[in-house]
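Please have the sequence and the coordinates open while reading.

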Amino acid sequence: MNAFGLVSKGLVAASLMGMLAACSSTDTKGALDLGGQTANTAPQPPVIQGDCPRIVLRDGTAYHDVYAPGAKPLPDGSKDQSKLMYQASIANTTRQCRVSGADMFITVQVAGRIVLGQAGAKGNVKLPIRVAVTEGDKVLYSELVPFETPLPVNEPSNQFLFSKDDVKIPAGAGLSMVYVGFDNGPDKDAKKKK
């Protein structure tokens, strides 16, 4: 068995649990640099974490495996690990909200790791990360973001930090929730916009 095959998904995720320690879902002001001011920017509207929708990682969206073209499933349903180009995993998520008039703006951040597989090579890849906000059955926001990040060159893995800061929903949205994760399907929202 190769060294990559020994790396469990749980171990990869656990190794990044501390990456966003300063970015907890209840106190992200310093980590995201929102709600304060710098010499070149005006003060931001106040942060309202108490009303900020909870962020959730759906089952099956924490990992993104990419195999070489033509890789076929093995008899047991798994894939040939010698054909794995890379695996990306999400280790931690956070969000922060601010209100401006009738709108709530949410900044979503994801910390993760990308591991090079046996069939991988150097270069950049685009990870399909979807950010969505729902209120019950109603979708308030949904966007599939092709997030570009480099593959590891001299190390077996790289960390990445994804940030989306223009998620806008109505400020009065009740029990809304933020979903973030890898989405390998087509971008239905982009098709509707065309």
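Two strands pair if DSSP finds at least two bridges between them. Strands (E, at least two residues) and helices (H or I, at least four) are DSSP runs, numbered from the N terminus. The model is predicted: local features need pLDDT of at least 70, side-chain atom pairs count only at pLDDT 80 or more, and totals for chains, interfaces and linings use all residues. Residues are numbered from 1 along each chain as its sequence is written, and side-chain values use heavy atoms, with hydrogens and water left out.

**The open sheet**

Four strands form an open sheet in the order E2-E3-E4-E7, with antiparallel pairing. Strand E2 (63-67) and strand E7 (157-170) stand at the edges. Each has a single partner strand, so one side of each is left without a neighbour in the sheet. From one strand to the next, the twist averages 25°. For such angles, axes are lines fitted to C-alpha atoms, for helices over the stretch in contact, and angles run from 0 to 180 degrees between N-to-C directions.

Inside this order, E3 (residues 84-100) meets E4 (residues 103-116) through 14 antiparallel bridges. Gln 96 stands opposite Thr 107 in E4.

E8 spans residues 176-182. Of its 7 residues, 6 are buried. Buried means under 20% relative accessible area, exposed over 50%, and partly exposed in between (1.4 Å probe, protein chains only). The pairings of E8 are listed here.

| Partner strand | Sense | Bridges to E8 |
|---|---|---|
| E1 (residues 54-56) | parallel | 3 bridges |
| E5 (residues 124-135) | antiparallel | 7 bridges |

Which residue in E8 stands opposite Arg 54? The residue is Met 177. Met 177 is also the bridge partner of Thr 134.

**The disulfide**

A disulfide is a covalent bond between the sulfur atoms of two cysteines. The cut-off used here is a pair of cysteine sulfur atoms within 2.5 Å. The structure holds 1 disulfide. Cys 52 is joined to Cys 97, with an S to S distance of 1.9 Å. The link of Cys 52 and Cys 97 is right-handed, with 65° about the S-S bond. Cys 52 lies in the loop between helix H2 (29-32) and E1, and Cys 97 in E3, so the pair ties together parts that are 45 residues apart in sequence.

Are these two cysteines buried or exposed? Cys 52 is buried, with a relative accessible area of 8%. Cys 97 is buried too, at 1%.
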